[in-house]
Amino acid sequence: MAARTFDEMRSGADDAIRAPYQGVASWLDSTSPERLAATRQEVDLFYRRHGITFGAYGAAEGAETTIPFDIIPRVIAWDEWQYLHRGLEQRVRALNAFLVDAYGAREICRAGIVPEAQILMNAEFVSMAQGLALPGGVHAHIAGIDLVRTGEKEFYVLEDNVRTPSGVSYVLENREVMMRLAPELFAAKRVLPVANYTEELLATLRSVSFSDSHEPNVVLLTPGHYNSAYFEHAYLADEMGIELVTGADLFVDEGRVYMRTPRGPQRVDVIYRRIDDAFLDPLAMRPDSFLGVAGLLGALRAGRVNIVNALGNGVADDKSTYTYVPEMVRFYLGESPILQNVPTHRGDRADDFKYILEHLPELVVKEVHGSGGKGMLVGPTSSKAEIAEFEALLRARPGNYIAQPTLALSTCPTFVAQGVAPRHVDLRPFVLSGRKITIVPGGLTRVALKEGSLVVNSSQGGGTKDTWVLGPDA
Amino acid sequence: MLSSTAKNLYWMGRYLQRAKTTARLIEASQRMVLQSAGKEAEGVVAVFGMEDEFRQSRGQAQRQGGRLDDLIEFLAFDETNPSSIVSSIASARRNAREERNNITVDVWESLNGLWLELTARLRRNRATLDRGALVEHVRKQAVMVFGAAQVTLLRDEAYNFFQLGAFLERGDNTARILDVKYHHLLPDGRRQSEQLDYFAWSEVLACIGAVRTYRRIYRSALDPAKVAELLLLRRDVPRSVHHCLWMVDLNMRELADAYGTRGEADRLAGELHARLRYAGIDRVFDTGLARFLGGVRDGIATLNDEISRQFLLD
């Protein structure tokens, strides 16, 4: 791991501008600070106005805030993307193979690679999903793989998200905004488009219908407009031209799923659900759920409706399973992993646990099932008291935690109050798996707007950037 | 389209219309209340069949009738009254918000703007609130929302459901107004009165904003039977019961053509429309105005239920 922070625009001893950033650098040079500030104000205005439209989809007034958008794009070169693309595709293929196996024969346990308890004792394991043969052998149809960069050729996978990853609407919106605000930037470099995401998503969803006798009817199942990601649900449904439904719009009759329409009941073949496993079917899961559809899992088991992403995917993406993913690549694909994991110490291993306790001030400690940047400790930026407090939690439930070295996340030039300054970023590409794998170039770049901060989560003061993948000729 | 979408648009139309009717009714009644002995307030709440609720909400102190301010407060700004203007606007907005992607920006913004303005003004000091001005604002802005719907909404099934809700509510409102007001002025249901209360009868017309319309159509002095005819049977008066049920029937037929099926709701809509279309005011009075209106209002209530059943709205 690089000792010095890698800046994606200026690197090396002489701080030379890296090739992919030539266009952005000269744009920054030739644009006066006043013009940049004005552009930024345009963004704010645009997003506030646009945010109102977005907000209208969402919860009560003021309940949702728009995530800050930074006007300086993050740039990925063609060859870098080729490498990432190969690595992402490989990783998601392995994760899908693991999910088929975890809910099937569990060969990987018999081979002694993953302990059976890792799967069966996992809180996210759904026994109802055992033995299901899903179309195309796909469980993780939409995967968000969080990547970080630490050097010219060093990328690491921080975590896999194969339940209901969100954020793709920002990828699409950020590009729209960027093209309006700085069209001159796009004239200089060929930036690969992202707008086809929703079309690819719809094709992916249709390709995993159990029945191929008719045009599959796909719906998007949302918990409703009180959900924080509701605008994304409405946006995606709109863009795909499919119905945005809540549990009350659907019912199961004789093992088939229907939606209520004024014309009468209409068959539903594929449900892109954005609600958690536990709430899907009050008959099979939590009986107090009003969000789901009674009998849905029966219809799934009968092969009458497919649910995307599949049930029980949590066994593949929690932070303790994460440590096994490189082994999965070797076991299922017979390949060596292209993308590396961050070296991870597991709280449930005695040696590792001892190491964690001894090195708390240097480590990042996370809950196995945590998300959103909560319930974690960033050692180097925490006070002694905070570390001591966290240590108590850690000792109480060692198996609930993993620890990783504090990575020097790469930085990108970012427009902040003081002007243009480097800020840490990560990247979440979205990988679509149906009958084939599709990855729209780039993904969601999240940026920690606070100086020196490594936490990019929007709930913790993070922003987003438009992410460019340059064409092969650029 | 989902049934829940149809349902939201149907109720958005109903609530919006209810708010508009109530606003107009309050405005029309203000002068009457000032000039009458204080009973008129109850006459107005009677239009909504809410005499008991009104008395209860006013508490012990003002048992004996109700003042103008009480009336406006109850019908317009009382959030515990589910039929008040503020409750109706909030409901219409809730329906619209859930269908944000099925309506136009113009419809959403005009309705949301109305709601924001209304709730903001109500949060300020109630003592200095100009209630009359706010009621007028609601009425004008509600017209804007209907206008936005008229000129911007795609003419698809969703639009039909919005229209169904609005016209069913409007037809029912006019029938109620006529029913209550007529018998308030002529309790025995006669066609004529010896001493015509000019102001009272012009207020009845004002309830549906049709004072000048009356002059244009009849070019004669106010006559109770003609007032009844205008509210009930004139197809060219956009708030008459006949016009509303004509529009209901029309929208039902468009839906039937789109879906290729017909049901009990279609039959009932056609039957109700025909009842108004082929009625004459003389025959109506022969039957008894109250009986005729009662039958129409029962028909509207049944049609509401049949629409819910036929299109899976519940």
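Visitor: Is the crossing of H5(B) and H6(B) left-handed or right-handed?

Guide: The crossing of H5(B) and H6(B) is left-handed; that label applies if the near helix is turned anticlockwise from the far one by less than a right angle, and clockwise gives right-handed. This is a predicted model, where local features need pLDDT of at least 70 and side-chain atom pairs 80 or more, while totals for chains, interfaces and linings use all residues. Residues are numbered from 1 along each chain as its sequence is written, with chains lettered from A and ligands numbered from 1 in written order.

Visitor: At roughly what angle do the axes of H5 and H6 of chain B cross?

Guide: Two packed helices are described by the angle and the distance between their axes. Here, H5 (residues 85-98) and H6 (residues 105-123) of chain B have axes that come within 10 Å and cross at roughly 140°. Axes are lines fitted to C-alpha atoms over the stretch in contact, with N-to-C angles from 0 to 180 degrees; helices are DSSP runs (H or I, at least four residues) and strands are E runs of at least two, numbered from the N terminus.

Visitor: Why is Val431(A) called buried?

Guide: Buried means 20 or more other C-beta atoms, placed from the backbone, within 10 Å. Val431(A) qualifies because 25 lie within 10 Å. Val431(A) sits in strand E20 (residues 430-433) of chain A.

Visitor: How many residues does each chain give to the contact?

Guide: Residues are in contact if their C-beta atoms, placed from the backbone, lie within 7 Å. Chain A gives 14 residues and chain B 14 residues; on chain A's side, E9(A) gives the most, with three residues.

Conventions
Two residues are in contact if their C-beta atoms, placed from the backbone, lie within 7 Å. A residue is buried if 20 or more other C-beta atoms lie within 10 Å of its own, exposed if 12 or fewer, and partly exposed in between; C-beta atoms are placed from the backbone.
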